[in-house]
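I am jotting down what I looked up, one topic at a time.

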Amino acid sequence: MNYTVQVIGESVGKDGRKIIKVTKENFLDLMKDLKNQGFDHLSLITGVDRKDFMEVVYHLHSMKTNEYVVVKVETRDYKVPSVAGLWNSANWDEREQYDLLGIIFEGHPNLKRLFLPENWVGHPLRKNYDMKKTQYINMDEEGNDYATFDERGGW
Amino acid sequence: MPSSEWVELNFGPQHPSMHGVLRLKAKLDGEIVKEIEPVIGYLHRNAEKICEMTYFNDNLIYFDRMDYVGAMNMEVGYLEAAEKLLDISISERVKWIRVIMAELSRIAAHLVWAGAYGLDLGMLTPFFHCFIEREKLLTIFTEVSGSRQEVNYMCVGGVYQDITEKAIAEIEDFVREFPKRLKDIFNMLMKNDIFLSRTKGIGILDKETAISYGVTGPMLRASGVEYDVRKAEPYLVYDQVNFDIPVSYKGDNLARVLVRFEEMRQSLKIVEQAIKKIPDGPYFNPKAKKSLMIRMRGEGDVYARTESSKGEFGVYIVGDGGVKPYRVRVRSPTLRNLSVLPELAKDVMIADMIAISGTLDLVFGEIDR
């Protein structure tokens with residue numbers, strides 16, 4: 001695995017997988033590089049809320065050589081470039097992370113919530129999410145779900 | 001017909017052929033599906049958040065309820081990651097027990113799929129035959145764990161109770177009788193002209209699209225990629241048993257049906273070898289006792305991938321040195337398999353769309369989590 005992009009560091013994780021840490025500026029170039037080197041399967045995108053910054057973890061896998069690599073990028077303004085143009089599976093994965101963690105993937109073709117209704121307040125997997133506030137879900141005339149704080153407005 | 005005159009049709013979420021709570025927004029030109037948009041989230045419980053709030057061992061019941069037809073595959077997937085994070089070793093006997101149970105679960109999950117797929121295409125008979133066989137498996141699960149579907153049999157450090165002689169005898173009976181019954185079910189489906197004409201050459205998924213969408217499991221293998229985590233990165237004792245990966249190069253509905261049926265035969269082969277090879281030993285690592293478990297801390301991050309009945313099931317756990325996981329992320333194979341449906345069901349008849357979505361093997365507990 002060779003790449004020309006400047007990275008912050010390389011290490012090996014507890015599960016024996018190679019981890020590459022990269023800055024947000026070099027991130028997209030690194031991903032393009034890795035895609036060209038045969039990492040054709042983007043297995044998983046994970047956002048980890050580290051309270052003062054957000055860590056986004058990408059698990060890449062090559063179907064041909066069975067290699068595995070983990071790319072980590074940190075963001076303080078909750079914005080990361082989208083990789084939906086490189087791997088189609090990133091489309092729904094990024095939508096899910098946007099839905100539950102509020103990470104904005106810049107350049108995503110259709111960044112909508114995946115599971116929750118569009119007007120849901122807050123992102124549940126954030127560490128500072130207020131779980132005491134109950135939101136109720138109802139359906140509008142179009143058949144789409146919407147969320148409301150009003151108890152009588154829900155099912 | 002211009003796109004402004006397309007008719008919008010709403011399927012589900014309470015439609016009998018949607019296997020749970022899938023909602024599809026389809027745009028139709030006559031009977032031809034032009035655009036399709038899956039809407040999911042009706043079974044969303046945010047299991048990942050619940051996992052952050054409970055101890056490592058207690059999370060297992062939420063994993064049981066993800067792929068509820070093949071629950072023990074999920075338990076194996078979670079424990080692969082959790083035990084690595086907590087540095088808890090398991091004995092050889094436990095590894096073999098887990099392999100047996102995971103493979104029996106896989107057969108049970110595929111049987112549910114085979115029965116339900118017959119129903120999708122209007123055949124009622126195979127459904128009952130599949131469920132009679134599945135009932136035998138559930139009896140075995142009851143014998144080992146005391147529960148039928150959401151068994152909660154495994155735990156960090158081993159399994160809750162040792163596998164009994166009676167259970168082994170029941171598994172041996174099942175291994176002896178099942179091949180003939182499977183052949184009957186297979187013939188019921190395959191010797192039917194309607195079934196063949198609705199599966200052959202329909203919903204072709206090519207290799208590049210499948211890989212790009214992250215499709216794994218039987219669907220990927222039906223498109224000609226020989227990728228199975230049990231071979232690619234063997235976990236438990238899968239490197240000590242002899243089995244093959246069924247692959248088809250056609251990529252259509254029929255290929256996916258055939259691959260799943262062959263997988264059941266291969267799983268049976270694994271179980272047959274495993275019950276002969278199962279060694280004596282402890283069934284539980286006392287290091288992971290419940291009272292100690294509360295004090296057990298995990299640090300670092302671990303990703304473990306396993307092969308569930310639907311595809312690559314991955315669990316990514318981040319620990320911050322506390323007694324609860326800091327972040328749990330589940331790679332749901334069915335979510336990615338579903339995301340390819342808009343590509344597959346383009347310019348096909350509505351009835352074929354149902355035939356295609358049936359082969360995706362959707363289980364909503366896992367997609368929505």
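Before the sheets, I noted the pairing rule: two strands pair if DSSP finds at least two bridges between them. Helices (H or I, at least four residues) and strands (E, at least two) are DSSP runs, numbered from the N terminus. This is a predicted model, where local features need pLDDT of at least 70 and side-chain atom pairs count only at pLDDT 80 or more, while totals for chains, interfaces and linings use all residues. Residues are numbered from 1 along each chain as its sequence is written, chains are lettered from A and ligands numbered from 1 in the order in which they are written, and side-chain values use heavy atoms, with hydrogens and water left out.

**Entry 1: sheets of chain B**

I began with S6 of chain B, which pairs with strand S7 (residues 312–320) of chain B in the antiparallel sense over 9 bridges. Looking up one position, I found B:Gly314 in S7(B) as the bridge partner of B:Arg305. These strands belong to an open sheet of 3 strands, ordered S6-S7-S8 (chain B) and paired antiparallel. Its edge strands, each pairing on one side only, are S6 (299–307) and S8 (327–331) of chain B. From one strand to the next, I read an average twist of 10° (axes are lines fitted to C-alpha atoms, for helices over the stretch in contact, and angles run from 0 to 180 degrees between N-to-C directions).

I then turned to an open sheet of 4 strands in chain B, with the order S1-S2-S3-S9 and antiparallel pairing. Here S1 (7–11) and S9 (348–349) of chain B are the edge strands. S1(B) and strand S2 (residues 23–29) of chain B run antiparallel and are joined by 5 bridges. B:Phe11 has B:Leu24 in S2(B) as its bridge partner.

**Entry 2: salt bridges**

My rule here was a side-chain nitrogen of Lys or Arg within 4 Å of a carboxyl oxygen of Asp or Glu. Searching the whole structure, I got 43 salt bridges over all chains. One of them joins the side chains of B:Asp67 and B:Lys310 at 3.1 Å, N to O. B:Asp67 sits in the loop between H2 (60–64) and H3 (71–86) of chain B and B:Lys310 in the loop between S6 and S7 of chain B, so this pair ties together parts 243 residues apart in sequence.

**Entry 3: chain A**

How many helices and strands does chain A have? I counted 2 helices and 9 strands. From the N terminus on, the order is β-β-α-β-β-β-β-α-β-β-β. Along the principal axes, the C-alpha atoms of chain A fill a box of roughly 60 × 30 × 25 Å.

**Entry 4: where A meets B**

With contact taken as heavy atoms within 4.5 Å, 43 residues of chain A touch 47 residues of chain B. The buried area is about 3800 Å², with 52% from carbon and sulfur atoms; this is the accessible area (1.4 Å probe) that two parts lose on being put together, summed over both. In chain A, A:Lys14, A:Trp92 and A:Phe115 lose the most area to chain B, together 19% of what that side buries.

I found 9 salt bridges across this interface. One pairs A:Asp93 with B:Arg336, whose closest N and O atoms are 2.5 Å apart. S3 (41–49), S4 (54–61), S5 (68–75) and H2 (90–101) of chain A each supply at least two residues of the side that touches chain B. S3(A) gives the most, with 8 residues.
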